[in-house]
Amino acid sequence: MKRNTGCHPLDHVHSRRNFLAGTAALGAGAMAGLDGFSSQLVADTLKSDQKRILQIYMQGGVSQLESWDPKPGTLYGGPFQSIPTSVPGLRICELLPYTAQKMHLLSVVRSINLNTDDHHQGHMFMEKGRRGESAYPYIGSVVNKYLAPTDSPLPGFVHISTRGLTDNTAGFLGSSYAQMRLEGIVPPDNLDRQQELSEQQFSRRRDFRSQLNQQFTSRRPKALVDSYDATFNQAAQLMARKDLFEKQSEDQLDRYGRHDFGRYCLMARTLLEEGSTCVKVTHHGYDTHAENFNFHVEQLGEFDQPFSTLLGDLEESGMLESTLVMVYSEFGRTPKINHRYGRDHWGSAWSMALGGCGVQTGAVIGATNDKGTEVVDHEVHGGHLFHTYLQALGIDSTANHDIDGREIPIGDPAVEPIKELLA
Amino acid sequence: MPLLGLLIAALLVQSAPAQDLPPLHQRIDQLVRATQGEMADTLAAPASDTEFVRRLYLDLTGRIPTHPAVQEFLNNPADNRREQLVDQLLSTPQHALRLQHTFDVMLMQRLPKKHVEPTAWQDYLFSSFLQNKSWKQLASELLSADGAEQATRGQARFLLDRNLNVDETVRDIGRFFLGRDLQCAQCHDHPSIGDYPQQHYYGLSAFIKRSYLFTDPDSKLASIGEKAEGDVKFTSVFTNEENSTVPKLLNLPAIEDPKPAEDPYVTKPDNKARGVPRYSRRQQLAPAMIADDNAAFRLNIANRLWALVMGRGLVEPLDMMHADNPPSHPELLDLLANDLRDHDYDIRYLVRQLVLSKTYQLSSEVAADASDPAAQLYLSSALKPLTPEQLAWSTMQAVGLIEQTRQAELAKLTADNEGFDPAQADQALQLERAVHKALESHVTTYIDVFASANSAFGPTAKQALFLENNELLSSWLEPANGNLLDQLNATASNDDAISTLYLVVLSRPARDEERQAMAQFLDTFAADRLTGLAQATRAILCSAEFRFNH
C-alpha cells in the first residue's frame, strides 16, 4: 500500500467527511439512572452507536515484568511468580489476580519501543502518537472532537487525576476539545451557585440568559454562538450532576474499594454511563527507582480490584462493546535491578493492555527476549498504537484534521495500526 | 547620467497619480465590492452608531466604551463624528495597551517566562505603540536585540525566551514576520507547498545558527552571543542530497560573508565573555527583513492587521501564505501591503484606514435573505470573540471597576504628588499605568480561564462556570462607590434601571420587548430588588452579545 509520508498529504480529505457523516447525529437521552445500571435505557442507548474510550494511565511507568510480561526465574525476573489467566496459555504477574480473571476481555502488547526514557517524552508519544514536542492533540481530545455528540450530557473528555499536571491536551484542536480535569472526585471550580441565590432564581437567570441570546443570534452566524451556548449547557449539566461529586454508593465502594483509585474507577464508570466520551483515570506512583517490588505490591494491589471490577461492569452492561479500554504508562522499567532494589526508566521494551470496542481479545502482540531486555518480535511505538486506538473507535486515522483550512494528518502517516488487534 | 534621469522620471510618473487617488479606505471598499458580484444584494445594512461605537472601542481600546463616552459620541452633531472618534481613540494609552496585548500574544504565544521579565517586554511594547513606532522599526529591534544591555532586555524577549533554539526561532520568525510556517520544510522541501522549499528554512536558520545563549557568570543573566564560524548544511530525507547555505531570506539574494578578518572577533567567546564577531550573520537579518524587496514582510503584517480588525485574514491561516493558498482578495492585499510600505510601515495609519472603510462599518446582522453568507465576501461584519484581555477589561468597565479604581489611584497620586493634574498628558499616562497595574491580577485571572492554546475560539464548560458562579465576579456585582450596581440600585424604577443597564453593559438602548422581558425577570425578585438587578446584569455579562465584538 502506497503511503504518503509528507507533512500534509491531501489525498485523505474526503475520508474525514465520510466518517463524520457516519458518526453524526448520536443521541441524547443518556441521562438517567446514576446508581448502577438501574435504567436499562441508559445501557441500551450507550450500547448502540456511540463509541467511547476509557484510559487508565499508570503514571511513572509500571514495570512490565511485574505486570503484563512476567519472566519468573530469569536473571531479571524479580521475586514474583506468574499466574494463569482466563485466557489459556496467557500468564501475567501474580500481583494482578483479579485482572487475570478478566484477561479474556483484553489483549496485551509486549513489544513497545518508544526509544525514550524521559517521562514527558514518553507520555506525549503515547498520548499523541507523535514523538517529541508538538501541538498535536491527545487521543482524548481527538476522540472528543470526532465522537462526542454536540449535545453530550457531560464534557466529552474528563480526566480524573490528583496532581496538577498542566496538560495542553487539545493542541491545535482548540480548547473546546481539551480535557476537563477533575481533582479526584472533588467538584470542578465554580460549580456552586452563589449562596444567596435559590435554585429557582438561578434557573430563572439561566432562562433569561437564553432569552437574551435569541434575538442576538437570530440574524448572526450560528456556529460561533452555538459553540458558546453549548458550554452553558455543559456547565448546567455539571451543576445539575453535582451528585456525581458527592457521596458514592456504599455498595459500589464495597466492590471498587474505598481508596482513591477505587473511587476514581467508580467515578469513571459513572461518567461513561452518563455520556462522557473519553474518561481518563491517572493512577500515580509507579516511578519505582527504589524498592520496586514493595511498591508494585502496593500499587498493583490498589489497581487490581477496582480496575477488574470496572472492566467487568462494562462488560456486563454491554458497554464494553463500544468502549475502548487502554491501560498504559509512559514507559516500562529496566529489567536490570539497581542497588536500591529499584528498576529505572525503560522505554525500549515494555507492555500495555487494551481491549473493548471490537479490539481482538486474548491476543498477545509481540514479544521481548528471554531476559526482557529487547523486543524480538513485532516492535511497535506510540504511532502504531495511536492508529490502532482510533481505528478501533471507527475514526479513520489516515484522514486529516481540517484546522481552519489546514490539513494535518490525524495519525502519523509513516506508520500503520496493529492489524492483528483490529477485527 | 541619462539612465539615472530616466529612473527618476519613471519614479515620478509612478508616484504622481498617487496624490489623486481616493484615500485607502475607499479603495478597500471598491476592491471588496468588486468580489461580491450578485451577492451584494444581500449586503448587511451599515452599522448603526451604537453598533459602531461599541465595536470601535473594543477594536481600538480593547474594552467597551463607558456610558458617558457613548452619549458623547451620539450627541456629537458633526458629520464626521465617526472619523473624529477614530482619531481620538488611536491616540489613547488604551489603544497602546490593546496593541501591546495583541502583539504580545501574537509574538510570544503566552509562552512562560524564561530569561526576560514579561513586564519589561510588555512595557517595551506599550511604549512602542504609544509613540506609534513603525512595524519596520519594531521588527528590526526585536530581531537584532541581544539583551546584553539592561535597556534592551524587553525587546530581546522574542529571541531570549525561545532560548534562541534554532528550530523554534526560525519557525516563529517565519510565521510572525513572513507569514509562512516553514516547519515542514525543515526535513525536506514541503511535500504539497511548492513555495516552501527546504532552502527557505535553512536560509533563515543561517542568520541565527551561529548565535547562542550566553549566561553571564556574575549576573547570571542570559544574553545572545555569536560565533564567527559555523555553516548551515542540510540534507533532504527524501533525496539525501546535501546542501549548504549562507543567510538568505526566501528567494532574495544570498548574503555572502565578507572576506574573513584576520582577527574575526571583537570579543572572543569563552565561558566568561559573550562572543561578538566582527561580522555578525544575525545582524544581517533585521535589515534584510525590513528591506523593500522583501514583499513577504509587508504582506504578512498587512494581512495580520486586516485580520485583527476584520476578524479573518485575507490569507487564512495567517501563517500559510503561498501560491496554492492565495488571498481571497489578492489585489487588495497588495494594495494594503504597498500602501503600508509607502507610509513607512505606520501601523496606526493602516488601522485608521481599515476602520474608516464601509466594509468595517457594516452591521453584523446579516440581511434577512442571506442566511449563511460566505465570510470571505465581507457581506456583514464578522463576530469576533473577545480576547481574554478584552473580556476582562470590558467586564471591569461594565461593572464600574475601572472608574472606581481610577478614582482610588487618582486619590493616591494626588496625595503623594502635590499639584498632580490628570489633565496633563504625562500625568494622565501615569494615572493610566497605575490603573493597569492595579487591575492586572484580574486580567491574569481571565487569561488563566479564557486563554486557548491556539487563537481560535474555544469556549469551555470551565469558562461558563466561571461566568455564572465565580465569586470575584459576584463581588463586582455588589453596590459600592458609584459602581454599576450602586447606580442601578439608586434608580427610581425598574424601567430606569433597565435603561441604564443596557446603555452601560451593551452600549445601546433597550428595545421595547427587551424592556418587557427584563421587567418580568426583575419582578420575580420583587422582594429583593438588588439581587434581581445583580442577576440581570450577570445574565447580560454571560450573553453572546457581550461575549462577542459584533
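## Helix 10 of chain B

Helix 10 of chain B (residues 166–178) has eleven of its 13 residues buried, so it is largely enclosed by the rest of the structure. Buried here means that 20 or more other C-beta atoms lie within 10 Å of the residue's own, with exposed at 12 or fewer and partly exposed in between; C-beta atoms are placed from the backbone. Helices (H or I, at least four residues) and strands (E, at least two) are DSSP runs, numbered from the N terminus. Keep in mind that this is a predicted model, where local features need pLDDT of at least 70, side-chain atom pairs count only at pLDDT 80 or more, and totals for chains, interfaces and linings use all residues. As for labels, residues are numbered from 1 along each chain as its sequence is written, while chains are lettered from A and ligands numbered from 1 in the order in which they are written.

After helix 10 of chain B comes B:Gly179, with a positive phi near 70 degrees.

## Helix 16 of chain B

At 1.5 Å a residue, the twelve residues of helix 16 (residues 388–399) of chain B should span 16 Å, and the end C-alpha atoms are 17 Å apart, which agrees; the expected span is 1.5 Å times one less than the number of residues. Helix 16 of chain B is followed by B:Gly400, which has a positive phi near 90 degrees.

## Domains of chain B

Chain B is split into domain 1 (20–35 + 46–91 + 293–362 + 374–382), domain 2 (114–256 + 264–290) and domain 3 (385–549), with bounds from an automatic or database domain assignment. The C-alpha centres of domains 1 and 3 of chain B lie 27 Å apart.

Contact between those two takes 13 residues of domain 1 and eleven residues of domain 3 of chain B, where contact means C-beta atoms, placed from the backbone, within 7 Å. On the domain 1 side, helix 3 (49–61) and helix 4 (67–75) of chain B are the elements giving two or more residues. Helix 3 of chain B has the largest share, six residues.

## Chain A and its domains

Chain A has eleven helices and 16 strands, and 51% of its 423 residues count as buried. Among its contacts between residues at least 6 apart in sequence, 72% join residues at least 24 apart.

Chain A divides into domain 1 (13–185 + 249–421) and domain 2 (192–247). Their C-alpha centres lie 33 Å apart, and nine residues of domain 1 of chain A touch eight residues of domain 2 of chain A.

## Where A meets B

How many residues does each chain bring to the contact? Chain A brings 47 residues and chain B 44 residues. On the chain A side, helix 6 (199–218) and helix 7 (222–240) of chain A are the elements that give two or more residues. Helix 6 of chain A gives the most, with ten residues.
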